[in-house]
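Dear colleague,

I am passing on the structure we spoke about, and you will find it just below. After it I set out what was found, taking one part at a time.

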Amino acid sequence: MSKPPPRLQARSPRGFQDLSGHAVRARTKMIATIREVYDRYGFEPLETPALEYVDALGKFLPEQDRPDEGIFALKDTDEQWIALRYDLTAPLSRFVAQMGQDLVLPYRRYQVGSVWRNEKPGPGRFREFTQFDIDTIGTASPAADAENCAVLAEALEALGLKRGEFIVKINTRRLLDGVMERIGLQPGSADPQSLCVLRAIDKFDRVGIEGVRLLLTSGRKDESGDFTKGAGLSAQAADIVLDFMQAGQASRGETLSALARAVANAPSGRAGLDELEAIDRILANLGIDEGRAIFDPGIVRGLAYYTGAVLEAAITIEITDDEGRRRQIGSVAGGGRYDGLISRFTGTDIPATGVSIGVDRLMTALSLAGRIGASQAEGPVVVTVFDKSRMADYQRIAAELRAAGIRAEVFLGEGGLKAQLRYADRRGAPVAVIAGGDEFAAGTVSLKDLIAGRALSAEVAGNEQWREKSRAQVTVPRGELVAQVKAILQPPA
RNA sequence: GCCGCCUUAGCUCAGAUGGUUAGAGCGCUAGAUUGUGGAUCUAGAGGUCUCCCGUUCGAUCCGGGAAGGCGGUACCA
């Protein structure tokens, strides 16, 4: 006798999640809302494959002859490395380069889809998640960057966020270059020290100002005992960086004045100021005030390919999780200008700028903030099967409801009326249709208002009333079925 | 990657010094109610105590390892 094989474990890969029912509906709706805004600004839809050649993603490590860690890669039958896209920007760049002359520039496109990252999942961080991007290819005008901010603000408002519940923060890499120049680093270069400085600024949210100071100079030991090496700046150089990143003011104009002092004299800093001034004017023209978009010199974004304006959107609502702990919902969208990215394919720079909404994160934020209420009865009207020999009647009832645009289903499981009503209850059905011998004899149907009944049971505790079975139930002529169900679904105001 | 904590019923968690039969609440199933969900009461079902190796007469409990989870942190296009 051999042992029975061990039972298969049903589990999804770590960092991957299932979405069902309400979650899918809510997300679909969110995407539709955002799409509507993107559309209105004149962006065109684009879809690209989930897989790309790994060199198109820019993450191939030639010296090791294998793709970078952090992406899901595999070899196809031609021994070529292909990988799941980790964002929508690299595939867009490839598409633009591949289209060449056939693409009318400036090209403005939107795209929504899953991206995959092969790294450790964390709270609210998955290995597959959805991004919804807009990008404008082929213009260096700050108007495109300003529009990114405006679209973003408008999309967030369309999702029900009010003024003051979110903020778009804008900065530019050119100012950061100006700071680098002042402290004697090569502006715009990718040397380890510059990257370390940028990373330190990026961590302000988590480690605070003194934490950043340590990271800029000698290094920092965190609570878990882990030591992070510092950038090795002098105290004076660190002060310059710290002053710069804290130069943000409530109004864009004030921030510009403060920044003018902080990056004085550095040529790239001057270019950055000009850029932000232009963005400020355009935002004003577009009607985006300072309650929605501000300049924040502490915004750095990623580290690789941004060349100019960078931006981030944050939800500012105070949020508590299931256990009542306060939770920081960080940025829900981000992006910037990447004028050098497409030249990897074409050899010539094509200016480009875009922004990406993290759909899952935004969903999490909105539902934690109570903005995505599970509406209480999303289920269909359930037609109970009292008498199996009358199945044809039940199916006709369901068909009539559907023809009137009402979601309806005939109960397909096993069990008596009690089990069927319990099923209807759990399905979130608003109404159960009941028709047995009495109803058929009288030419009627009974409609049970499950929502009203649910509300009643909350207030009545006594055992006596329990058997008043007519509660929240009406018996109506069969011919009035649709009208009466509609009356229950949409009570006259 | 590094540090810390955790893993017992579908879920949240108790528990015994290493000893027969491992518990609670919620949920689930059924009945009270032969045609009625959601309240209440009663009963019932449900367990490889994560896995492997070791110590032991005997391990869910002790030791080692693995896997998974959680929380930091690093990297993050």
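Ser268 has its place in helix α9, which comprises residues 267–286, and in this model, which is a predicted one, Ser268 is buried, because its relative accessible area is 17% and buried means under 20%. Although Ser268 and Asp177 are 91 residues apart in sequence, their C-alpha atoms are 6.0 Å apart in space. Asp177 is also one of the residues in contact with Ser268 once neighbours within four places in sequence are left aside, and the others are Arg174, Leu175, Gly178, Glu181 and Pro187.

A second residue to look at is Thr89, which is found in helix α2, residues 89–99. Thr89 counts as buried, with a relative accessibility of 9%, and, again leaving aside neighbours within four places in sequence, Thr89 is in contact with Asp133, Tyr305, Tyr338 and Leu341.

Tyr305, one of those contacts of Thr89, leads on to the aromatic rings, for which the count comes to nine pairs. In one of them, the rings of Tyr305 and Tyr306 have their centres 5.1 Å apart and their planes at 70 degrees, so this pair is edge-to-face, given that planes over 60 degrees apart are counted in that way. Tyr305 is partly exposed, with a relative accessible area of 24%, whereas Tyr306, at 15%, is buried. Elsewhere, Tyr38, Tyr110 and Phe132 are linked into a cluster by ring pairs.

Rings also take part in another kind of arrangement, with a charged side chain: the charged end of Arg108 sits over the ring of Phe43, 4.2 Å from the ring centre, and that of Arg390 sits over the ring of Phe440, 3.8 Å from the ring centre.

Finally, please look at helix α6, residues 204–216, where a straight helix of 13 residues would span 18 Å at 1.5 Å a residue, but where the end C-alpha atoms of α6 span only 11 Å.

Key
Residues numbered from 1 in each chain as written. Chains lettered and ligands numbered in written order. Predicted model: local features only at pLDDT ≥ 70, side-chain atom pairs only at ≥ 80, totals over all residues. Heavy atoms only, no water. Helix = DSSP H or I, 4+ residues; strand = E, 2+ residues; numbered from the N terminus. Expected span 1.5 Å × (residues − 1). Phe/Tyr/Trp six-rings, centres within 6.5 Å; stacked < 30°, edge-to-face > 60°. Buried < 20%, exposed > 50% of the residue type's maximum accessible area, 1.4 Å probe, protein only. Lys NZ or Arg CZ within 6 Å of the ring centre and 35° of its normal. Contact = heavy atoms within 4.5 Å.
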